[in-house]
Amino acid sequence: MKYKLIALIITAMTVTNSLVAQQLNFSKVKAFEHQLDDVMELIDTTELKHKLKEVEYNYQQNQTEINRTRLGIIYHEIALNLSFFSKTEFKGYAKKSFDILSELFNSTNTSKELLPFIASYRASALSLVGAETKKLKLLGEAFTLFNEAVKNFSSVSYLPEFLRGSVAENLPWFFFTKRKFAKQDFQSIINKQNKNAAFANSKVMSFTYWAWAKQRQSKKFRNQSISYLDKAIALDPHYKAGRHKAEDLKAKMKHYPEFDY
């Protein structure tokens with residue numbers, strides 16, 4: 001797919017997706033989330049490589065839309081966690097992810113409850129393509145896709161805001177107009193989780209509480225940040241999510257001047 005067509009596709013799909021979002025069934029979205037959870041937010045590289053082989057094999061055996069979605073997501077996770085540390089082996093996985101997810105997103109046959117996952121990871125994959133190719137224009141286009149995903153699907157899924165916030169928090173300081181989403185998005189997820197305990201799972205909330213605290217280390221927010229770091233740690237007993245980073249940040253914050261614990 002040619003990236004210069006992205007803007008046209010976004011315009012054409014915005015009205016349709018807005019209408020679709022209003023019709024999404026939360027229970028069905030959560031059912032798809034359950035089927036996708038094992039390929040999302042993987043931090044163990046050994047587990048990730050094993051999962052890649054498993055997902056590719058399953059797709060070869062049974063080319064369903066859920067298996068194709070899983071393939072697009074695992075390629076994203078490979079790009080995020082491995083491509084920047086490899087000269088050749090894992091290069092190009094971000095583009096593979098973007099192409100697969102774009103095909104699913106633009107298909108009229110794709111189950112509408114899968115769209116929150118497809119749209120969110122599609123945007124994130126494009127941001128990774130931009131990072132890998134050093135094309136800043138693609139980063140801007142990725143945030144256009146993120147903004148559409150948040151607008152259309154954030155009421156039924158944590159993923160649009162979670163991935164937009166995750167990309168935003170890792171941008172250099174001069175991307176301040178985009179970095180603002182890091183604070184905004186993780187706070188929004190916490191607000192929704194407080195209203196509905198089923199909104200996001202423990203893995204996501206562990207990452208979210210850590211990310212919130214990372215953005216707010218000043219004395220004004222320090223006690224609340226420590227409280228959230230404790231939650232991040234408690235929600236991740238097996239170190240599969242944000243616990244390790246939360247423990248490191250908590251230890252660091254305890255040594256800040258005028259720390260009131």
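Trainee: Is the crossing of α8 and α9 left-handed or right-handed?

Mentor: Good place to start! This is a predicted model, where local features need pLDDT of at least 70, side-chain atom pairs count only at pLDDT 80 or more, and totals for chains, interfaces and linings use all residues. Residues are numbered from 1 along each chain as its sequence is written, and side-chain values use heavy atoms, leaving out hydrogens and water. A crossing is left-handed if the near helix is turned anticlockwise from the far one by less than a right angle, and right-handed if clockwise; the crossing of α8 and α9 is left-handed.

Trainee: At what angle do the axes of α8 and helix α9 cross?

Mentor: Axes are lines fitted to C-alpha atoms, for helices over the stretch in contact, and angles run from 0 to 180 degrees between N-to-C directions. The axes of α8 and α9 (residues 176-195) come within 7 Å. Their crossing angle is roughly 145°.

Trainee: Is α7 roughly parallel or antiparallel to α8?

Mentor: The axes of α7 (residues 136-153) and α8 (residues 159-169) come within 8 Å and cross at roughly 150°. Angles under 35 degrees count as roughly parallel, over 145 as roughly antiparallel, 65 to 115 as roughly perpendicular and the rest as oblique. That makes α7, relative to α8, roughly antiparallel.

Trainee: Which residues in α8 meet α7?

Mentor: Contact means heavy atoms within 4.5 Å. From α7 come F143, F146, N147, A149, V150 and F153. Their partners in α8 are P160, E161, L163, R164, V167 and A168.

Trainee: How many helices does the protein have?

Mentor: Helices (H or I, at least four residues) and strands (E, at least two) are DSSP runs, numbered from the N terminus. The protein has zero strands. Its helices number 12.

Trainee: What share of the protein's residues is buried?

Mentor: Buried means under 20% relative accessible area, exposed over 50%, and partly exposed in between (1.4 Å probe, protein chains only). Among the 261 residues of the protein, the buried share is 54%.

Trainee: Which residues does I74 touch?

Mentor: I74 is one of the residues with the most contacts inside the largest core. Leaving out residues up to four places away in sequence, I74 touches V39, L42, L48, K51, L52 and V55.

Technical notes: A nonpolar core is a set of buried Ala, Val, Leu, Ile, Met, Phe, Trp, Tyr and Cys residues joined through side-chain atoms within 4.5 Å.
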